[in-house]
Structure formats: structure tokens, C-alpha cells
Amino acid sequence: MERLADKWTILIIGRLKSGETRFNQLRRDIEGITQKVLSQTLKKLELNGLVARRVFATVPATVEYSLTSVGLMLVETFESLAHWAESNIESVRLAQEHYDRLHAVTSS
């Protein structure tokens, strides 16, 4: 779960659902991600069998990433979670406001 709850993981998997993508394209497409974080996250995803890495013998080397079958199954789960979040954003916002009001009174 720790590896799947990371925001970069969700963004990378969401980007890879459309097919094989080069490292630099991922870096350009995912706003705010650094080269180091992208590299580390891709390695973790590959380690866990969610992403496949393919290296082409070019100069410089070309590296492309794609989702494995397990990674593709996770896309469905992430899309369901995103749909839930969109459907319930107002309820979550109201709960946060209620919590803030409750704790502002008790901490005074």
C-alpha cells in the first residue's frame, strides 16, 4: 500500500495507461516531478511488477516504460477511486470544515 498511495505513482500509472512512454516524455508530462523522483518511482513500480522497462541500443540509450498486466488492472482501481473522489468532494469538504470548527472550539 505504501508504494501505491504515493501521488507520483498515481500520476505515472495514469500517464502510462495510454501506452509505452519514454522517460523524458513522462518527465515533461508530469508537472512538478523531478528526474530523481521519477527515476526512483519507476524503479519501485518495476520492482513491484507494475511497470515494464525496455531499453533500446541507441546513443544515447532510449528507455521506454509501459504498464504490465498487473499495472493495467490497477488503472481500473485508480479510476474508480478518482470517480469516488469527484463524487464525494463536497461531503469531504464539509466534513473538513466541521472538524476544523469542532477543534477550533476545543483548543480555545
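In this predicted model, the side chains of Arg 54 and Glu 64 meet in a salt bridge, with a distance of 3.7 Å from N to O. Arg 54 lies in strand β2 (residues 51-56) and Glu 64 in strand β3 (residues 62-67), so the pair ties together parts that are ten residues apart in sequence.

- Glu 64, whose place is in strand β3, touches Glu 20, Thr 21, Arg 22, Ala 52, Arg 53, Arg 54 and Phe 56, when residues up to four places away in sequence are not counted.

**Salt bridges that involve the helices**

- Within helix α4, which spans residues 69-106, Arg 93 and Glu 97 are four residues apart and are therefore separated by about one helical turn.
- The side chains of Arg 93 and Glu 97 meet in a salt bridge at 2.2 Å, taken from N to O.
- Arg 93 is partly exposed, at a relative accessible area of 33%, and Glu 97 likewise counts as partly exposed, at 33% relative accessibility.
- Elsewhere, salt bridges that share partners join Glu 20, Arg 22, Arg 54 and Glu 64 into one network.
- Another salt bridge is formed where the side chains of Asp 29 and Arg 15 meet, at 2.4 Å from N to O.
- Asp 29 belongs to helix α2 (residues 23-29) and Arg 15 to helix α1, so this pair ties together parts of the chain that are 14 residues apart in sequence.
- Asp 29 has a relative accessible area of 35% and is partly exposed, and Arg 15 also counts as partly exposed, with a relative accessibility of 23%.

**Packing of helices α1 and α3**

- Two packed helices are described by the angle between their axes together with the distance between those axes.
- Helix α1 (residues 7-16) packs with helix α3 (residues 35-47) at an angle of about 75°, and their axes are 10 Å apart.
- Angles of 65 to 115 degrees count as roughly perpendicular, and α1 and α3 are therefore described as roughly perpendicular to each other.
- On the α1 side the residues that meet the other helix are Trp 8, Thr 9, Ile 12 and Ile 13, while on the α3 side they are Val 37, Leu 38, Thr 41, Leu 42 and Leu 45.

**A nonpolar patch on the surface**

- Leu 81, Trp 84 and Val 92 form a nonpolar patch on the surface, and together these residues have about 290 Å² of accessible area.
- Trp 84, one of the residues of this patch, is found in helix α4.
- With a relative accessibility of 48%, Trp 84 counts as partly exposed, because the class of exposed residues begins over 50%.

**A cis peptide bond**

- The peptide bond that runs from Val 59 to Pro 60 is cis, and its omega angle is near -10°.
- Pro 60 has its place in the loop between β2 and β3, the strands in which Arg 54 and Glu 64 lie.

Note on methods: Residues numbered from 1 in each chain as written. Predicted model: local features only at pLDDT ≥ 70, side-chain atom pairs only at ≥ 80, totals over all residues. Heavy atoms only, no water. Patch = residues over 30% accessible without salt bridge, like charges linked within 9 Å, V, L, I, M, F, W, Y side chains within 5 Å. Areas by Shrake-Rupley, 256 points an atom, 1.4 Å probe, with all protein chains shown as cover. Salt bridge = Lys/Arg side-chain N within 4 Å of Asp/Glu carboxyl O. Helix = DSSP H or I, 4+ residues; strand = E, 2+ residues; numbered from the N terminus. Buried < 20%, exposed > 50% of the residue type's maximum accessible area, 1.4 Å probe, protein only. Axes fitted to C-alpha atoms, helices over the stretch in contact; angles between N-to-C directions. Parallel < 35°, antiparallel > 145°, perpendicular 65-115°, else oblique. Contact = heavy atoms within 4.5 Å.
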